[in-house]
Amino acid sequence: MPGKKEVWCTVNGKKTRLLAAGNTTLLQALRDIGVTSVKRGCEEGECGACTVILDGLPQKSCIVLAQEVEGATILTSEGLVQNGTLHPIQQAFIDEGAIQCGFCTPGMVLSTWALLQSNPNPTDEQIKQALSGNLCRCTGYAGIQRAVKKSAKLLAPKLQGGDSQ
Amino acid sequence: MHDFLLERPDTLRAAHDLLQRYGTKAMLKAGGTDLLIWIKRGVVLPECLVDLSLIPLLQELSLSEAEMCIGAGVSVARFLSAEAISTHFPALVDACNSHSDPLVRNRATVVGNVCSAVPSGDLIAPLFAYDTQLEIHGPTGSRSCGIDEFITGPRKTTLQPGEIVTCLHVPLPKPPSSGSYQKAMRREALDIAQAGVCCVFSGKAQDPVVRKVRLTFSAVSAKPVRALKAEHILEQANQLDESMLQEVAILARQAVAPITDVRASSEYRLDMVAELTRRAVRACFAERGEA
């Protein structure tokens, strides 16, 4: 059967080589190079634990083939950390107790990042819709909802290029 | 997951050549959000996947005075973000928003939903209601066909070996038009329809020659069906009244043949068809200011 191919893409700002067979998922290829914030959950596109930002859009990496990301730009939760400092969204998830087992958290954080990029001041309903592809079995979502609200407040000055007041 | 070769042609011609070379051992892939799961579960075991996402021609999403054209590579999210669709195709907006979740919609394609041909495919009923034609390219020429000619049963279509669905042509409904897609599901996101009903009105109420109504369904029949008798009553109706609505709901129930499965019983689905029909028709009348 077919062998592996080299796939070049940008992962968290770094030019990266993935080695992938035709049936290798992006989820598998990322974990193979040590990007372990991308979690293997259902592997059927349901749970969202494997969420990545692929060319600017949040997607489920278990239903993307690694060979499809040639030339693409991928952002994972690791890539949000700047000089050892957590991203405001990551910090908000900690501060609001939006984490219990933590398995869904990297995906939740990335879906939040994508939401706030396009909509810096979302309503409760818009938050629910944006996170509807990410399942959490522990928290009951209330903490997550608070964390997204807090993230929006923290990021408002940066996204709008001025003071939120 | 079963092993396969991934081919990524950048022209339609190259895609046809690959289909010719691999014959029945090849399968076409657009978004792949359904297909990859079928492969993981061992339902299909292709030797080669022909990925259509690098073919520029298939990325077309355009609006003319007569129709909207949706290329085979256009994702549900990209389609949803097109301004024209909320003006002309509100039932498709409802259906796209109820399809999977925002992450999957970034990858899943509109055409793929039709080609997967599962009875619960959310976009199939509204595309059928809007009289969509599929454009199909084969090695020796092209043809077009309607949704109900294309889908012949669960996961069964009239697509022949070597053929590729390149785009959908959705005619703009005659104004004033209104449309609604109503879906019953167990949770508000990422769930497959237990039953879905789509209603589309076009043309003036006072003009029964021009007025056209379509009533189509999801997850309650093996292949796409219309409730012709119910449509006829709605085409003649000048205003919404409860006895007419009741008759339409009964006729809608008679037009479908749901099965019992893990998601719902046949009886529940029939009751939901009646209820969702009432809701969809009410929504259409309300949108037209005729309620």
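The following legends describe close-up views of a predicted model.

**View 1. Helix H12 of chain B and its buried residues.** H12(B) comprises 23 residues, and from its first C-alpha to its last it reaches 33 Å, close to the 33 Å expected at 1.5 Å a residue. Its buried residues are Arg269(B), Met272(B), Val273(B), Leu276(B), Thr277(B), Ala280(B), Val281(B), Ala283(B), Cys284(B) and Phe285(B). The cover over these buried residues includes strands E11 (178-184), E12 (195-202) and E13 (212-218), together with helices H10 (228-236) and H11, of chain B. Gly289(B), with a positive phi near 70°, follows H12(B).

**View 2. The crossing of helices H11 and H12 of chain B.** The axes of H11 (residues 242-255) and H12 (residues 266-288) of chain B come within 8 Å and cross at roughly 135°. H11(B) is therefore oblique to H12(B). The crossing is right-handed. H11(B) contributes Leu245(B), Val248(B), Ala249(B), Ala252(B) and Arg253(B) to the contact, while H12(B) contributes Leu270(B), Val273(B), Ala274(B), Thr277(B), Arg278(B) and Val281(B). By class, the residues of this contact of H11(B) with H12(B) are 8 nonpolar, 1 polar and 2 charged.

**View 3. The contact between chain B and chain A.** Chain B supplies 21 residues to the contact and chain A supplies 25 residues. On the side of chain B that touches chain A, the elements giving two or more residues are strand E1 (5-7), helix H2 (35-40), strand E3 (48-51) and helix H6 (102-105) of chain B. This side of chain B has 12 nonpolar, 4 polar and 5 charged residues.

Conventions:
Residues numbered from 1 in each chain as written. Chains lettered and ligands numbered in written order. Predicted model: local features only at pLDDT ≥ 70, side-chain atom pairs only at ≥ 80, totals over all residues. Axes fitted to C-alpha atoms, helices over the stretch in contact; angles between N-to-C directions. Helix = DSSP H or I, 4+ residues; strand = E, 2+ residues; numbered from the N terminus. Parallel < 35°, antiparallel > 145°, perpendicular 65-115°, else oblique. Left-handed = near helix turned anticlockwise from the far one by under 90°. Contact = placed C-beta atoms within 7 Å. Nonpolar A, V, L, I, M, F, W, Y, C, P; charged D, E, K, R; others polar. Expected span 1.5 Å × (residues − 1). Buried ≥ 20, exposed ≤ 12 C-beta atoms within 10 Å, placed from the backbone.
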